[in-house]
Amino acid sequence: MNKRQKVGVLISGRGSNMLSLIRAAEAPDYPAEIALVLSNRPDAGGLERASSFGIATAVVDHKPFGRDREAFEKAVDAKLQAAGIELVALAGFMRLLSPWLVERWAGRMLNIHPALLPSFKGLDTHERALETGVKLHGATVHFVSSEMDAGPIIMQGAVPVLDGDTPDTLGARVLEVEHRIYPEALALIASGTARLDGNHVVLSDASREATGHLIAPTLLSGQD
């Protein structure tokens, strides 16, 4: 097996998607290891969860930096560099990133968004999906770019929008998909199976490309 890529996960809260990445990386054939979990909030619940797996954690509290986002991000970057991080996965990291950090990690920083981009960028995605009346909703793993929720798409997963759905019930189904596609998307990048070609992500393995990576609603009920 080739050398596993060292991944730093950035969180601000309980780390639900972080946990899905940690569990996936426990498999000996997974192409990445979660080497560091870093939070901008000292009280983030995900820090304790990461520590329980024996993963190194770090805190860079954003508050002392005030409005100086770049100074805060340089402190974050220093922690990532010191840990030998090669890929960064944002998992509920509730800070807008400046061009400095985005450019420094271009093509090496992933994010997961609870909608089928380019629809419903930003916040309150489940409420907006219900208001719009879409029949499919879902999640997207993408590379981070200077424009919010606009980087090249790596993988998407869809769920049906059901009659009687609330933002909570719809969000719960989307979260299940997030936990499935984020580890797989990270594996595609860490293994080199997927690569950036301009503003698109292409798969080097033609057979995987033919199969596709949309997590269909039927799969959520356990059907193949």
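Phe120 sits in the loop between β5 and α5. Helices here are DSSP runs of H or I with at least four residues, strands are runs of E with at least two, and both are numbered from the N terminus. Phe120 is not a glycine, yet its phi is positive, at about 55°. Pro118 is placed in the loop between β5 and α5 as well. The peptide bond joining Leu117 and Pro118 is cis, with omega at about 10°.

Before going on, the conditions. This is a predicted model, in which local features need pLDDT of at least 70 and side-chain atom pairs count only at pLDDT 80 or more, while totals for chains, interfaces and linings use all residues. Residues are numbered from 1 along each chain as its sequence is written, and side-chain values use heavy atoms, with hydrogens and water left out.

Now the helices. Two packed helices are described by the angle between their axes and the distance between the axes. The axes are lines fitted to C-alpha atoms, for helices over the stretch in contact, and angles run from 0 to 180 degrees between N-to-C directions. Angles under 35 degrees count as roughly parallel, over 145 as roughly antiparallel, 65 to 115 as roughly perpendicular, and the rest as oblique.

Take α1 and α2 to begin with; α2 covers residues 45-52. Their axes come within 10 Å and cross at roughly 15°, which means that α1 is roughly parallel to α2. On the α1 side the contact uses Ser16, Met18, Leu19 and Ile22, and on the α2 side Gly46, Arg49 and Ala50. Contact means heavy atoms within 4.5 Å. These residues divide into four nonpolar, two polar and one charged. For the classes, Ala, Val, Leu, Ile, Met, Phe, Trp, Tyr, Cys and Pro count as nonpolar, Asp, Glu, Lys and Arg as charged, and the others, Gly among them, as polar.

How do α1 and α6 cross? Their axes come within 9 Å, at roughly 45°, so α1 is oblique to α6. This crossing is right-handed. α1 brings Ser16, Asn17, Ser20, Leu21 and Ala24, and α6 brings Leu175, Glu178, His179, Tyr182, Pro183 and Leu186. By class that contact has six nonpolar, four polar and one charged residues.

α5 packs on α6 at about 115°, with the axes 9 Å apart; the two are therefore roughly perpendicular. The crossing of α5 and α6 is right-handed. His126, Glu127, Ala129 and Leu130 of α5 meet Pro167, Leu170, Gly171 and Val174 of α6.

Last, the largest pocket, whose volume is about 1100 Å³. A pocket is an open set of points on a 1 Å grid over the protein atoms alone, where a 1.4 Å probe fits, with protein on both sides within 12 Å along at least five of seven lines; lining residues have an atom within 4 Å of a point. Points are joined across faces, edges and corners, and the volume is the space filled by probe spheres set on them.

The lining has 38 residues, and Gly92, Phe93, Met94, Asn111 and Ile112 lie nearest the centre. Elements giving two or more residues are α1 (16-25), β5 (109-113), α5 (125-132) and α6 (167-191). Which element gives the largest share? α6, with five residues. By class the lining has 14 nonpolar, 15 polar and nine charged residues.

Notes
Left-handed = near helix turned anticlockwise from the far one by under 90°.
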